[in-house]
Amino acid sequence: MMASSYNAKEEDGHHSGSVGPGGAGAVKSRKPDNTAFKQQRLPAWQPILTAGTVLPAFFVIGLIFIPIGIGLFVTSNNIKEFEIDYTGMDPDSPCNMCINSTTPCRCSIPFTLEQPFENNVFMYYGLSNFYQNHRRYVKSRDDSQLNGDKSSLLYPSKECEPYRTRNGLPVAPCGAIANSLFNDTLELIYYYPNKSSMSIPLVKTGIAWWTDTHVKFRNPGGNNNLTAAFKGTTKPENWQNPVYELDPTNPENNGFVNEDFIVWMRTAALPTFRKLYRIIQKKKDNLTPTLPPGNYTLEITYNYPVISFDGHKRMILSTISWMGGKNPFLGIAYITVGSVCFFLGVVLLIIHHKFGNRNNNADIPN
Amino acid sequence: MLRRRLNHLFGGDEKRVDSRTIYVGHRQCPGTEAFIAPKFCDNRIVSSKYTVWNFLPKNLFEQFRRIANFYFLIIFLVQVIVDTPTSPVTSGLPLFFVITVTAIKQGYEDWLRHKADKEVNKYLVTVLEDGRRIRKESERIKVGDVVEVVEDETFPCDLILLQSSRDDDTCFVTTASLDGESNHKTHYTVPDTEKDLESLTATIECEQPQPDLYKFVGRMHIYRSDQDPAVRSLGPENLLLKGATLKNTKKIYGVAVYTGMETKMALNYQGKSQKRSAVEKSINAFLLVYLCILLSKALVCTTLKYVWQSRDGQDEPWYNQKTQKEKDAYKFLKMFTDFLSFMVLFNFIIPVSMYVTVEMQKFLGSFFITWDKDFFDPEIQEGALVNTSDLNEELGQVEYVFTDKTGTLTQNNMEFIECCIDGFQYKNRDSCSELDSFCVTDGPVSKLHEKAGREKEELFLRALCLCHTVQVKEAGDMETVSEDQIDGLLPPTEQQKGFIASSPDEVALVMGAMKYGFTFLGLDSKTMKIRNRQNDVELYELLHVLNFDPVRRRMSVIVRSKAGETLLFCKGADSSIFPRVRSEEVDRIRVHVERNATEGYRTLCVAYKQLCTEEYVEVDAKLREARLALQDREEKLMAVYNQVETGMSLIGATAVEDRLQEEAAETMEALQEAGIKVWVLTGDKMETAKSTCYACRLFQRGTELLELTVRTLEDGGRKREERLHELLLEYHKKAVQDAPPAKLGVRRSWVTASQEYGFIIDGATLSLVLNSSPEASSTRYKSLFLQICQNCTAVLCCRMAPLQKAQIVKMVKNSKGSPITLSIGDGANDVSMILEAHVGIGIKGKEGRQAVRNSDYAIPKLKHLKKLLLAHGHLYYVRIAHLVQYFFYKNLCFILPQFLYQFFCGYSQQPLYDAAYLTMYNICFTSMPILAYSLLEQHIAIESLMDTASLYREVAKNATLRWGPFLYWTTLGIFHGLLFFFGVRCLFSNPALQDNGQVFGNWSYGTIVFTVLVFTVTLKLALDTRHWTWINHLVIWGSLAFYVFFSFFWGGIIWPFLQQQRLYFVFANMLSSVSAWLVIILLILLSLLPEILVLVLRKPRGPHRRQVAAVTPLSYKNLKERD
């Protein structure tokens, strides 16, 4: 189609003059260049996959994948994980009373750890049937506001509707995600065998991506005097405290750079998800496990309503390995694929033997 | 073109009259009613499509008439109007790009046309007006103007020649730019017009404009003050066509009869109809399937969304309230916009980029044909020419080749071989080059074996010298050159070039006569000069030329010798001469003619007749009368010709060899081996054509010929139609029913013992088959005929008129299974079939450029057809087929995870991938490797393709674009899509994937899927690539590297223009997770595993697979050595 353009003129027959054989002089050398590219003769590598070349590959893949898979599986199995559903749907559950409570409600759930948790222990909260990945929800945020942009602070993006303004004042931080910040407080209490108890120290920092806390999220006008910086804005409707009072214990962990807030703002991929809540740092002496086996109580300040959408709330304690949290999938998948490859290798070897012979025989009469 | 249509509309009342009256010089004529200036269109040529004002709307309108463009426009508008998950930029940008590029290209082409139009329209011409010579612009010429044209100028409109500066009232023109014939044609002035054009008062009555270049009938009434108006007939020889060039004549005057868009040239200009390739049809079919997939996906999602929302608390949970506007929206409108949103979200499944890539592949790919040095012919210093790049892949799909004989299979380089005078054979043993003209005249006896009487010999040679329309090419100004000077000026070697004729046979005959001592010196004011053996110049007055036409198949001249004898010489095909001469003469010569014909020579018979004075007067009167006729002139002339050319006596026959083209036989053999059926369509006679077929090995020794010609029809002595019916049934039984079921397998049929059939039919019988009277049997004959032909290895159709050639092509084209046809020819008579066939190929031969101009591809020689089809065609087909399948595949597995994600995000149209990835996927990440593949892939080396023609059968019948392979690719796409999505889904059952316990969100999910996707589809292509040049390496690994680089870059900066920094450090964080790495590697490997298995297991299958494999592995070393 495109090449036909050359003729646009000629077709009309407007051409006059040097059309006849007399014009031969004008055609000097129209001989095509003898270059490898133009003659489609570029040197080329022409691999052919034959049973002979693929066979070793299959065996090698099998031999690599199976150990990796076993390693992954063992690692995953060694990760200790403990999970409590504290939604309180069960009438016997201590948190059942909090379900319909309108005032702040505290409940505590006792549990026992059978095995010691070593190294750093990570405490997650998990929500089910919570659609953080709903489109209306995902886009309901203003990243330039969160990045400390002053004009966006006072004039948030339209995407934040209907959580953009409240009582005529701009909401900071605006949007549905911020408004629905997870606000249950979870505390762990360990009961020594002698019945004395100890509140386990929970670290609030290091739970969000480093780049998020340091670059993507910024307070307007730096970290000092947040009250003044957020003047002229109002807190989201569902929040108890304004954004600059999220963490009364650590002034550096306030405003948009509050790590609980940042973790929440990274929307989950699936409707059932977990988010990192606290880190329990390992003991300095390395002799006693971080969480020794024994009796514990989970103290909950129950604020977050999930019953209305059939949701569930969980608290998860987990150790972490190099591959992350507990997930047997990878190990099983690797073992399976490795075995399949190995098996295929064997099958191919048999086929190859048969075919190879037949091929050779067939060649002779020709 | 619109203008032309308008002219037709407005010219409606004019059209009712079959002729127009033109007043020469706008002078009123006595005897006519009041002078009404007739309205004709002006002399403006408009070939451009657009003006500055209407370019934008018109061009846009035309572009959006293409279904695909329109679809993308709709998607874009939906994105603008409705709140959709992806920004309008994602589909607007590519669309804008495509539209702009096309508009620029078309605008540029139109600008060129404008320029050309302007050049023609503003050209200054001289017009005689009231005795003054006025220069005016060409576009202002009106019908009736007397125009002056000087040498080497083109005629500004169609003119009737009134006066020439030459003494003999002729002028020479060349019509090279009209029909490509570069020889000089002689045109004549209207007889008896006055020298003083000022006082000429005349009207011209002629037919309404019609496109046939060679037809014109008119009448001129010349009014003189003292006499009755004289009437002169006008024919094509008086008409000078716009676009032709005046040659060898100082200047002429002519009166404009047709102007502007009514000139024959403008009427002949027609935009070539757009040919569409089978691949394009496949694409459209696949597109429809994908459109259905798209619609059903959107429908499923919309339905499920409302089902899901109807459950309590799901539609609007407390944490995710709707805006007031959304709450107010009317429910059904909302459902509709939801549907549209899903459409937009999934619309990437039909990629706008595929159209761009396909166009680019075709455009760039066609350069390889022009660049191929094997197509370069040193003789004409030209290579192949690509007129359209739309049909590249069609070259790999050809099932029927229709070839012309003369000039295509044969060289159209005629050589006089022998003659037969009065039953005696004269064979010239010397080759032409050794011949010296002076030598011949000195010793003619040695060359001719004195067998026939000397008188007969000389009569025969004189006939050869006189009975033709050959011109002697002028060496200088002919009027001043005397005979002696001609001798001196034309050395014998150059004499070969010295003759110009419309048919090379005539030149060969004149040259042949020259060898035997009779030289034609030229035609000068109706006097033909020949030099006889005694070196004397004989003069003959040329009285009439009874032109050659394909129906009569003969031509005659009537000359008067110095002695006053009036002689008629006639030469023509044996079948047309034999009935017109005495039968006892025929018997002596027929043997020779038939022997010559079977040897592949073109034979002509020569006869003569002496006319006595009375006879001549009668003939002369009749001829003049017929020439003056305004109505049915052709028929009347024909009748007179037939009447005159009777009762002649046969003097001899000639044999002219038309040599086969280089490698014609090898080419034909290769085509047949490739499973292509070759049909020879020729205007030549059966015996000659048959022998050419044998020479080309189209018919083999063992081939049984099924003849269906006038001769076989008349054998039975019964009615033709009955016999035809009988024969058809008999042949059908032989070739179709008794033949073993034809296997379309890889096996070459000659290996099998089954009988091969060749079929021969001639024009007359063909028209009987196609147009026999009862309606019912006609279609029956046609289908019988087709079935027979389809089971024959070669078909020869002889005595074909150009239109019949096209008819045959059309018949085969529309037959069952609609096979792909290819026509190849070199002359103007092949244009109709070149235009009719799916692919038209022109040969840059001797018969002008018309075939080349109307063709889709032009090659210098027939032998190039082999490489064009077997190598280029095969490769192009495989490349584009793979390109199309791959595009659909990669977009299916691109969009399927996005569709599946809807089930996990509450059917909220949340995109899985970031907008940047959505846009860039088809533009940057995966487009270059497939483009490089589709330009460079040689799954089988070109040498093997050429050596093993049967490989062509592997891709026959659109093999890789049928539903089977399409299903395979679709399944593969679905498999990959499912694997990508659910693999990552399983991984994300615990989103704590980093070794510091931190979790991944939805954008990380999408990025992991996308990474697996990009790597898999690229590596899948790498697996398919059989021919890795450095370009392939560069683009494949480069694309992957670019993806990684881009992802880092895109996630590495807080982009101020973005509303959301979704991907900020997502990619880097993903790479810091071991699990992500492991899952990416696992999924890529798992998706490619079946592919690898298929590749390995498929290889050793079929007997010649092995052969292919044996030839294919060319190492670097081999290639380098060859260069």
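Searching the whole structure turns up three disulfides over all chains. A disulfide here is a pair of cysteine sulfur atoms within 2.5 Å. This is a predicted model: local features need pLDDT of at least 70, side-chain atom pairs count only at pLDDT 80 or more, and totals for chains, interfaces and linings use all residues. Residues are numbered from 1 along each chain as its sequence is written, chains are lettered from A and ligands numbered from 1 in the order in which they are written, and side-chain values use heavy atoms, leaving out hydrogens and water.

Start with A:Cys95 and A:Cys107. Their disulfide has an S to S distance of 2.0 Å. The S-S torsion is about 85°, so this one is right-handed. A:Cys95 sits in the loop between strands E1 (81-85) and E2 (105-113) of chain A, and A:Cys107 in strand E2 of chain A, so the bond ties together parts 12 residues apart in sequence. Helices (H or I, at least four residues) and strands (E, at least two) are DSSP runs, numbered from the N terminus. Both cysteines, A:Cys95 and A:Cys107, are buried. Buried means under 20% relative accessible area, exposed over 50%, partly exposed in between, with a 1.4 Å probe and protein chains only.

Next, A:Cys98 and A:Cys105. S to S is 1.7 Å. The torsion is about -65°, so the disulfide is left-handed. A:Cys98 and A:Cys105 are buried too.

Then A:Cys160 and A:Cys174. Their sulfur atoms are 1.9 Å apart. A:Cys160 lies in the loop between helix H4 (150-154) and strand E4 (165-166) of chain A, A:Cys174 in the loop between strand E5 (169-170) and helix H5 (176-179) of chain A, so the link spans 14 residues in sequence. Relative accessibility is 0% for A:Cys160 and 2% for A:Cys174.

What is the pairing in chain A, with bonded cysteines numbered in sequence order? It is 1-4, 2-3, 5-6.

Now chain B. B:Cys789 is in no disulfide; the nearest cysteine sulfur, in B:Cys792, is 6.2 Å away. The sulfur of B:Cys905 is 8.6 Å from the closest one, in B:Cys301, too far for a bond. B:Cys789 is buried at 0% relative accessibility, and B:Cys905 is buried at 0% as well.

Last, strand E4 of chain B, residues 146-150. Four of its five residues are buried, so the rest of the structure largely encloses it. Strands pair if DSSP finds at least two bridges between them. E4(B) pairs antiparallel with strand E2 (residues 124-129) of chain B over three bridges. There, B:Val127 stands opposite B:Val147. Five bridges join E4(B) to strand E13 (residues 251-258) of chain B, also antiparallel. B:Glu148 has B:Tyr253 as its bridge partner in E13(B).
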